[in-house]
Amino acid sequence: MSGQIEDLSDGGEIAAIREAVRALCADFPGEYWRECDRARAYPAAFVDALTRAGFLAALIPEAYGGSGLSMRAAAAIMEEIHADGCNGAACHAQMYTMGTLLRHGSEAQKQAYLPAIARGELRLQAFGVTEPTSGTDTLSLRTTAARAGDAYIVNGQKIWTSRAEYSDLMLLLARTTPREHVTRRTDGLSVFLVDMRAAKDKGLTIRPIRTMMNHATTEVFFDNMRVPAANLIGEEGKGFRYILSGMNAERILIAAECIGDAKWFIDRAASYAKERVLFGRPIGQNQGVQFPIARAYAQMRAAELMVQEAARKYEAGADSGAEANMAKLLAADASWAAADMCVQTHGGFGFAEEYDVERKFRETRLYQVAPISTNLILSYLAEHVLGLPRSY
Ligand SMILES: Cc1cc2nc3c(=O)[nH]c(=O)nc-3n(C[C@H](O)[C@H](O)[C@H](O)COP(=O)(O)OP(=O)(O)OC[C@H]3O[C@@H](n4cnc5c(N)ncnc54)[C@H](O)[C@@H]3O)c2cc1C
């Protein structure tokens, strides 16, 4: 499919990366994903292949053993995975979660973890922020970490902690100072790098949650879990800011996945509309079938431009908050519109498992809600870009 404007300006590096990702994804066709989906099995072989090829270390600098690629290159990797019918949700967090360690961790912490993550010996794929009672209202989270000598004792619960069963490390946000004792509402939260291998059965319990798509998500319980004080990232009490600083990268990469999904749906719909013959002609000859595909294509290309703009600003070190949020909003809308169009184009076969359309439809629906829901993005734009009164 045409598009991919960034490939025109980087001397072909990103085009080569796309080609390599496409070749890797060819080994993981629809049957592979259908089987995983049916069994709600973690796509371990796919994640291992991506890790071996170095794609998950894209954003780790070369000094720490990674590939030191640009945000546009990382976005191209995630987009291509999705455009090829695969699903990066099984591992995408590793790309952006490690950014918190990279930007705010000590040199000793970076040396201890980043090279091993880049080599694929350690997995940092779990990100524990959301809690059942506070949800989107992160500053009301209740998990506590209390200092006791050379450790912190963690108590509480997280929900939707994806990939916790398949990750060695978890980036955890917990309250270290009670809310009523801080002057600024964003203070008092801290970030820890939890070694889940050491903590399992010693205060850490992980319970899988079965969801409408295959996502390996869980709820996690902390009962006097001990985390060495050496695993505190940055300064105590400043964790909320550290997490926020990683969110633009997360939004850009997830938006790229949505663009990939949209491309997959559009490609499938256009192919099917050309092949399916009814009333003596391909259904795609009817404008009632053509136009929704063309509209989905235009919507996807517009969203793709915003993803590129967000990645460009991010790379330039400029504030990319507005663009990263808009990229996520527009790309999630484009992928969802394309998913709906693709089911409609396929008629009854859109519901049949063997076409993969219904699976991708379920998978792409998530991005209206996670990692941030559409309403919260609109609220950010209203308040922080347009200066409208704060609503919460
Ligand atoms: C499959 C899956 C995987 C996930 N993975 C992770 C993960 O790895 N780590 C992690 O920390 N979290 C994860 N999440 C959590 C995800 O980030 C949250 O689900 C999401 O941010 C929404 O929060 P919530 O579910 O608590 O909804 P709530 O905060 O309860 O909100 C419910 C609805 O109300 C709306 N709403 C709430 N407040 C307002 C308001 N003030 N104005 C307008 N509308 C409002 C929301 O937009 C939403 O539609 C995952 C979620 C899912 C479903």
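## Shell around the ligand

Surrounding the ligand are 22 residues, of which Val 129, Gly 135, Thr 136, Trp 160 and Ser 373 are the closest; a residue is taken as near a molecule if its C-beta atom, placed from the backbone, lies within 6 Å of it. The structure is a predicted model, in which local features need pLDDT of at least 70 and side-chain atom pairs count only at pLDDT 80 or more, while totals for chains, interfaces and linings use all residues. Residues are numbered from 1 along each chain as its sequence is written.

Strand S1 (124-128) and helix H12 (374-385) are the elements that give two or more residues to this shell, where helices (H or I, at least four residues) and strands (E, at least two) are DSSP runs numbered from the N terminus. H12 supplies the largest share, three residues. By class the shell holds ten nonpolar, twelve polar and no charged residues, with Ala, Val, Leu, Ile, Met, Phe, Trp, Tyr, Cys and Pro counted as nonpolar, Asp, Glu, Lys and Arg as charged, and the others, Gly among them, as polar. At least three residues of the shell come from each of domain 2 (124-238) and domain 3 (241-385).

## Domains and their contact

The chain is assigned domain 1 (5-119), domain 2 (124-238) and domain 3 (241-385), with bounds that come from an automatic or database domain assignment. Taken over C-alpha atoms, the centres of domain 1 and domain 2 are 24 Å apart, and their contact takes 18 residues from domain 1 and 15 residues from domain 2, two residues being in contact if their C-beta atoms, placed from the backbone, lie within 7 Å.

On the side of domain 1 that touches domain 2, helix H2 (30-39), helix H5 (92-104) and helix H6 (107-119) each give two or more residues, and H5 gives the most, with seven residues. The residues of that side divide into ten nonpolar, six polar and two charged.

## Helix packing

H5 also packs against helix H8 (residues 239-275), at an angle of about 155° and with axes 9 Å apart; axes are lines fitted to C-alpha atoms, for helices over the stretch in contact, and angles run from 0 to 180 degrees between N-to-C directions. H5 is therefore roughly antiparallel to H8, a term for angles over 145 degrees, whereas those under 35 count as roughly parallel, 65 to 115 as roughly perpendicular and the rest as oblique. The residues of H5 in this contact include His 92, Tyr 96 and Arg 103, and those of H8 include Tyr 242, Ala 249 and Glu 257. The contact of H5 with H8 has six nonpolar, six polar and three charged residues.

The axes of H8 and helix H10 (residues 321-346) come within 8 Å and cross at roughly 20°, so H8 is roughly parallel to H10. Their contact comprises 20 nonpolar, six polar and four charged residues.

Helix H4 (residues 71-83) and helix H9 (residues 287-315) pack at about 145° with axes 8 Å apart. Met 71, Arg 72 and Ala 75 in H4 meet Val 307, Ala 311, Tyr 314 and Glu 315 in H9.

## Backbone features

Most residues other than glycine have a negative phi, and most peptide bonds are trans. Trp 160, one of the closest residues to the ligand, has a positive phi near 60° and is placed in the loop between strand S3 (151-159) and strand S4 (169-175). The peptide bond from Ala 370 to Pro 371 is cis, with omega near 0°, and Pro 371 is in the loop between helix H11 (357-365) and H12.
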